[in-house]
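Let's take a walk through this one together, a stop at a time. Have the model open beside you as you read.

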Amino acid sequence: MTELSLPFKFRYLPVKKFLDMYQKSLEEPEEFWAEEARKLDWFRTWDKVLEWKPPFARWFLGGRLNASHICVDRHVKTWRRSKVAIYWEGESGDSRALSYSTLYREVNRYASVLRNCGVGDGDKVALYLPMIPELLIFMLACARIGAIHTVIFSGFSAQALADRVNDIQAKLLITADGGFRRGKVVPLKNIADEAVTKCPSVEKVIVVKRTNSPVTVKTPKESWLDDLLKDAALFVEPELVESNHPLYILYTSGTTGKPKGIVHSTGGYLVHNCSAYKWVFNLREESIYWCTADIGWVTGHSQIVYAPLAHGAATVIYEGAPDYPTIERWWDIIEKYGVTVFYTSPTAIRMFMGYGEEMVKKHDLSSLELLGSVGEPINPEAWLWFYRNVGGERCPIVDTWWQTETGGIMISPCPGIECLPLKRGSATLPLPGVEVDVVGEDGKPAPMEQRGFLVIKRPWPGMLLGIHGDPERYRETYWSHFPGVYYAGDYAVKDKDGYFWVLGRADEVLKVAGHRIGTAELEDAVVSHPQIVEAAVVGKADPVKGESIVVFARLKEGIESSPDLKKGLAAHIRKEVGPIAVPDEVYFVTKLPKTRSGKVMRRVLKAVANNTSIGDLTTLEDASSVEEIIKAYQELKEGEVKKK
Ligand code: PRX
């Protein structure tokens with residue numbers, strides 16, 4: 001494993017404080033988490049810290065709280081009412097600063113709008129919005145009245161939006177006239193219009209004005225937010241929900257075609273996130289924190305909305321693309337706001353590496369104190385580049401491992417407790433209260449330095465409540481691989497110091513530029529193309545995005561492969577899922593390699609796509625198809641080279 005010798009200030013060996021706290025957290029977990037929970041505002045204390053009926057955990061049972069109260073009300077009772085909560089930077093250079101008192105007022109008014117639209121405790125609200133403050137305000141407004149929000153990433157297509165809205169039976173859909181992306185307008189309202197025709201549960205649509213695009217708002221079902229705000233009250237009493245009342249449902253990809261609606265609680269989720277945020281980001285009152293994720297993913301939910309606001313932090317939110325209008329945009333933003341904590345993804349770092357360090361060095365990044373990485377394994381070169389060029393060799397990097405399902409950070413250095421010696425490429429040790437391990441195929445601990453499967457050995461407060469509407473799938477996906485432990489779906493290695501190195505997904509899930517995309521979901525989209533009968537999707541190692549998408553598709557009898565058909569397929573996938581799912585390479589084949597039982601052997605396709613060895617083929621039903629795939633692949637590759 002690669003070790004980096006760091007300046008002495010990051011090597012507080014033997015990290016006694018951290019290890020003592022960790023030890024205590026595992027010996028007395030309920031007391032430990034109860035102490036953390038007491039730092040939040042509860043309107044009624046819980047009767048029981050944890051009810052663990054495997055695989056279902058319920059935390060702080062009987063406790064009552066409200067997430068919007070924790071994120072805004074409690075701050076406006078203090079000097080923080082005049083503190084900036086959100087520095088919002090628009091893609092075109094417009095900006096807004098919202099104080100906690102402004103945020104409080106807006107959350108209340110939006111909550112009143114929701115109520116006036118007939119939304120109440122337990123109702124589902126779908127949010128299909130760009131990265132604008134209104135998105136965050138609506139999330140908190142839902143939480144205020146006990147409604148459950150589902151944010152749908154604004155890059156998803158009408159079909160993907162409709163699937164998610166129908167799965168939760170959302171009563172209300174909130175969208176915008178459009179969103180800006182690289183100077184162009186994404187026509188969100190038009191996409192939403194198409195989706196809503198397939199969503200009978202949606203009773204009302206609210207439209208936020210962002211781009212001033214000419215859209216039609218058809219009353220009475222549809223309304224502009226601005227019109228509804230005219231009748232809004234300035235205060236809405238927060239609904240005091242039980243700790244296990246769902247705060248939100250967020251869809252993520254799994255190994256089957258249907259995305260999973262991950263349900264998160266209110267109490268356990270907030271306790272976990274508040275504690276983890278403090279431990280990992282070492283936030284001080286005067287910190288300026290910027291997480292570059294999109295609110296449409298879990299990182300945005302936990303690390304832009306709930307954890308920072310619960311702490312009364314000042315958060316930067318940027319609306320647009322990292323390299324728009326120039327590749328210096330991010331460094332301008334750090335300089336402009338004096339960002340102290342900067343949390344981003346390995347893909348972004350690798351993209352900037354490609355532009356060279358000069359454009360970073362032109363900027364004064366001396367305000368930075370801490371850097372963070374999330375979403376995919378960070379390779380040692382990217383780590384070092386980030387550390388040297390962005391962090392000026394001053395800032396520790398917190399490599400944070402977690403998932404949509406875990407709700408909060410699980411493995412990471414914790415400079416807020418005591419900074420561990422860092423190793424580039426390792427997320428280091430689990431957080432207090434979190435017990436993880438690496439096991440082999442037999443479920444027994446894997447030998448040191450040997451690859452195995454990452455598992456979580458005890459419940460944690462941010463843990464998902466389940467998969468919406470499908471307890472069996474929840475049990476099957478996470479709890480059936482190894483008895484009694486949570487299966488994370490990642491390969492990992494534990495080194496001689498007990499440090500964890502997460503290596504990537506062990507299942508049929510891709511990580512493309514940090515986005516989690518299920519191959520089965522993509523295959524469903526490919527085969528819904530009228531000229532394709534069968535398809536297999538695999539990941540190919542990509543130096544910037546981590547993985548890229550490669551499609552092998554079998555055409556219907558009599559259909560000829562052509563460049564237009566390829567383009568048509570890309571457009572079809574964009575329409576079915578969205579731009580993040582558009583394949584990088586498409587190969588039309590006449591056969592797919594299959595096992596004797598008829599299962600497509602992705603291993604073979606993956607090896608072909610990645611140009612690595614194919615391994616044992618004895619279970620292949622018809623080995624000639626492998627030859628054919630290699631041949632098709634090579635011919636196509638050569639063809640492409642010639643074309644250039
Ligand atoms: O494969 C791991 C990878 O991202 C997966 C979770 O994806 P998602 O639910 O979209 O959440 C991403 C942001 C929390 C994991 O199973 N992953 C996440 N963080 C890391 C990582 N892989 C390696 N190192 C990380 N720090």
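Before the first stop, one term: a residue is called buried when its relative accessible area is under 20%, and exposed when that value is over 50%. Keep in mind, too, that what you're looking at is a predicted model.

Start with strand β15, residues 260-264. How many of its residues are buried? The count is 5 of the 5, so the strand is largely enclosed by the rest of the structure. In a regular strand, side chains alternate between the two faces of the sheet. You can follow that here: K260, I262 and H264 point one way from β15, while G261 and V263 point the other way, and all are buried.

Now look at who β15 pairs with. Strand β14, residues 248-252, runs antiparallel to β15, and 5 bridges join them. In that pairing, L250 stands opposite I262. Strand β23, residues 466-467, is also antiparallel to β15, joined to it by 2 bridges. There I262 turns up again, this time standing opposite I467 of β23.

Next, zoom out to the domains. The domain assignment of the chain gives domain 1 as 1-66 + 281-504 and domain 2 as 508-643. Where they meet, 9 residues of domain 1 are in contact with 10 residues of domain 2.

How much area goes into that meeting? The size of an interface is often given as the accessible area lost when the parts come together. For domain 1 and domain 2 that comes to about 680 Å², with 50% of it on carbon and sulfur atoms. On the domain 1 side, W297, T347 and R350 lose the most area to domain 2, together making up 55% of what that side buries.

What about polar links? Across the interface of domain 1 and domain 2 there is 1 salt bridge, along with 5 residue pairs in polar contact. As for salt bridges, look at the side chains of R516 and E405, which meet in one at 2.7 Å, N to O.

Last stop: Q403, in the loop between β20 (397-400) and β21 (436-439). Is Q403 buried or exposed? Its relative accessibility is 5%, so Q403 counts as buried. Its side chain reaches the backbone oxygen of A488 at 2.7 Å. Leaving aside residues up to four places away in sequence, Q403 touches V298, Y486, A488, D490, R505 and R516.

Definitions and conventions: Residues are numbered from 1 along each chain as its sequence is written. This is a predicted model: local features need pLDDT of at least 70, side-chain atom pairs count only at pLDDT 80 or more; totals for chains, interfaces and linings use all residues. Side-chain values use heavy atoms; hydrogens and water are left out. Buried means under 20% relative accessible area, exposed over 50%, partly exposed in between (1.4 Å probe, protein chains only). Helices (H or I, at least four residues) and strands (E, at least two) are DSSP runs, numbered from the N terminus. Two strands pair if DSSP finds at least two bridges between them. Domain bounds come from an automatic or database domain assignment. Contact means heavy atoms within 4.5 Å. Buried area is the accessible area (1.4 Å probe) that two parts lose on being put together, summed over both. A salt bridge is a side-chain nitrogen of Lys or Arg within 4 Å of a carboxyl oxygen of Asp or Glu. A polar contact is a pair of N or O atoms within 3.5 Å; within protein, one must be able to donate a hydrogen and the other to accept it, and residues adjacent in sequence count only if both atoms are side-chain atoms.
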